[in-house]
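Subject: Structure handover

Hello,

The structure is below, and my notes follow it. Please read them alongside the coordinates.

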Amino acid sequence: MDKWEYWYNLCEHINIIEMGHIVTTNYHPKRNINFFIFGMVISGSRTIQVGNIKLFLKTGDYFLLPPSVPHSGIKLDRHDIYFIHFRCKYTLLKKKAKIMAKEIILPITGKVPKKMHLDEFFQYLNKDYASKKISKSLIELHFQSILSYISEYMQSLLNQSNQDLSLAESLNNFILENKCNNITAEDFEHHFNLSYKKLNNTFKKIYGKTIKQDFITQKITYASQLLLEGNKLIDTSEKVGYEDYFYFLKVFKHIKGMTPTQFLKYHYSK
């Protein structure tokens, strides 16, 4: 069976059981479990047999070990991995020709988009999960966002040209690098030497959203992190590039469905 032949559609709420970080040399243990395991290889390599599929994972790869499918190591591996055990409802699908941007659909392995710095993000999540400083529901929400992004990327690989994929990924990296700045359509055109219309159409074709939608979402996601780390509202507004404090509050509520104050109260009351 092709490792990309079947995709898992992760439905409804994701319930994290455990998460952690491991740096070691070993064989992956032989197990048959009743929950998912998501892992991201930070460095080194990891070999796993899932049913009759053999996975040879390298730095930047992820794996998604499904429930009720036996898995075990293939050889002795030296690796640095973040892992999350979780439960959720799911369905098993044949890989789709049409991208379903609003669904989390993943094969059992794939490549994490370059320059996403997910190692730092997992470090942040794992630290807060262990310290219990923020609510479990917020950590689950962040994890679901990570899976959603990887899902969009993996689905985009099925039908898009390498040129479009490369451009869309470069656009995404540019957005991430400038999420604290106020960049304009002209800035995008100058950086990529292409019309904004061309850039926006390519980005939307790959990721199912416009450049502007993603740029705002990245700003507010980062603002949420800053607030949870103890930054003041006015300072957070300025750090993510909003000079107009009241406009920042309006955008935050539009993206998150609640004001920053309500957001903090909700997550620290858990």
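In this predicted model, the largest nonpolar core has 76 residues, and the members that touch the most others are F38, F86, F122, F143, L147, I150 and F188. Such a core is a set of buried Ala, Val, Leu, Ile, Met, Phe, Trp, Tyr and Cys residues joined through side-chain atoms within 4.5 Å; buried means under 20% relative accessible area, exposed over 50%, and partly exposed in between (1.4 Å probe, protein chains only). Helix 2 (residues 136-159) supplies the largest share of this core, 9 residues. Helices (H or I, at least four residues) and strands (E, at least two) are DSSP runs, numbered from the N terminus.

Contact means heavy atoms within 4.5 Å. With neighbours within four places in sequence left aside, F86 is in contact with L10, I14, N15, I16, I17, F35, F36, F38, L64, F143 and L147.

N9 sits in strand 1 (residues 6-26) and is buried, at 8% relative accessible area. Leaving aside its neighbours within four places in sequence, the contacts of N9 are K89, Y90, T91, L93, E103, I104 and I105.

The second largest pocket holds about 270 Å³ of space. Of its 13 lining residues, I183, K212, F215, I216 and K219 are the closest to the centre. Helix 4 (185-192) and helix 6 (211-228) are the elements that give two or more residues to the lining, and helix 6 gives the most, with 5. The lining divides into 9 nonpolar, 2 polar and 2 charged residues. A pocket is an open set of points on a 1 Å grid over the protein atoms alone, where a 1.4 Å probe fits, with protein on both sides within 12 Å along at least five of seven lines; lining residues have an atom within 4 Å of a point. Grid points are joined across faces, edges and corners, and the volume is the space filled by probe spheres set on them. Ala, Val, Leu, Ile, Met, Phe, Trp, Tyr, Cys and Pro count as nonpolar, Asp, Glu, Lys and Arg as charged, and the others, Gly among them, as polar.

Two backbone angles are worth a look. Most residues other than glycine have a negative phi. S68, in the loop between strand 4 (61-65) and strand 5 (71-73), has a positive phi near 60° and is exposed at 54% relative accessible area. N193, in the loop between helix 4 and helix 5 (196-207), has a positive phi near 55° and is exposed at 69%.

Residues are numbered from 1 along each chain as its sequence is written, and side-chain values use heavy atoms, with hydrogens and water left out. Local features need pLDDT of at least 70 and side-chain atom pairs count only at pLDDT 80 or more, while totals for chains, interfaces and linings use all residues.

Regards
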